[in-house]
Amino acid sequence: MGIVTVATTPQPDLHDLDTPAARPAPAEEEYGDDAVRRTAGTGESSRASRHWWDRNADDYQDEHGEFLGDDRFTWCPEGLDEADARLLGSVEGKDVLEIGAGAAQCSRWLTARGARPVALDISYRQLQHSRRIDLGRGTAPVPVVQADAAVLPFADASFDLACSAYGAVPFSADTEALMREVHRVLRPGGRWVFSVTHPIRWAFPDEPGIEGLTAMSSYFDRTPYVEQDDQGRATYVEHHRTLGDRVRELVAAGFRLVDLVEPEWPAGLEQEWGGWSPLRGRLIPGTAIFVTERG
């Protein structure tokens, strides 16, 4: 199975994955983008996410690929693994949708445990890295689909489980629609488990050092974080919801909240990941994992 893409633009050939010509180059005006807080709608957010991840997928996989592994299911920078947490429950024989899958590392872990995953991502380049890993390992390719998580290209009740490790949810302008879509494609009783930056982090600067320990913004300010070029076009967008917002949109979509996991920073982990660090992680939560079931 190739990369199924829900898109209108031509895509590069998979066999050219590692050639310089296949690597997306950032437009000149996108260097030194301004960071602002402003509104950003569904279309603008979706376009920005697709282009940003296509442009940065190579660097992301180079920088974080070793930590993520090729077939490891890691929920967060704190290193919580599904092998230990078992937040999805039994996966053997289950149809699983991984949303915002990147290079489908989690889906490979699921496959090894008898699940039938489909990995979905908005970025074609990220899914090319999934193919690169499969080809390098000489294993059957993970089924992958390029699409927006808020408009899932699947029939009702197609999956037993859905999961997302820091994928899609923070970048979607309409997470109410996203939750409804996940509910639609899940079978009754199916679990939907996803991890995001802990909402409290939005009150603090995204810095790993001591400067990241002083609250500078209102936790209740839902204005999106936007990076934009010199013409005001969004090149990166991230959306904030409070814990209460998340619970309400899940309940409204028909989910039941089973657990809210806030992983503690583990002893011995000294690696920094953006604003995640041992210093901050031992004082304030960095990740929130919502464990829910479809009604």
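Colleague: Is Trp53 buried or exposed?
Modeller: Trp53 is buried, at 14% relative accessible area; buried means under 20%, exposed over 50% and partly exposed in between, with a 1.4 Å probe and protein chains only. This is a predicted model, where local features need pLDDT of at least 70, side-chain atom pairs count only at pLDDT 80 or more, and totals for chains, interfaces and linings use all residues. Residues are numbered from 1 along each chain as its sequence is written, and side-chain values use heavy atoms, leaving out hydrogens and water.

Colleague: Thanks! What about Tyr60?
Modeller: Tyr60 is partly exposed, with a relative accessible area of 22%.

Colleague: And how many aromatic pairs are there?
Modeller: The structure holds 15. Rings of Phe, Tyr and Trp (its six-membered ring) pair if their centres lie within 6.5 Å; planes under 30 degrees apart are stacked, over 60 edge-to-face and the rest tilted. Trp53 and Tyr60 make an edge-to-face pair, with 5.2 Å centre to centre and 85 degrees between the planes.

Colleague: Which residues do ring pairs link into a cluster?
Modeller: Trp52, Trp53, Tyr60, Phe67, Phe171, Tyr225, Tyr236 and Trp273.

Colleague: What lies over the face of Phe67?
Modeller: Arg72 does, 5.1 Å from the ring centre. A charge sits over a ring if NZ of Lys or CZ of Arg is within 6 Å of the ring centre and within 35 degrees of the ring normal.

Colleague: Switching topic, how much of the chain is buried?
Modeller: Of its 295 residues, 52% are buried.
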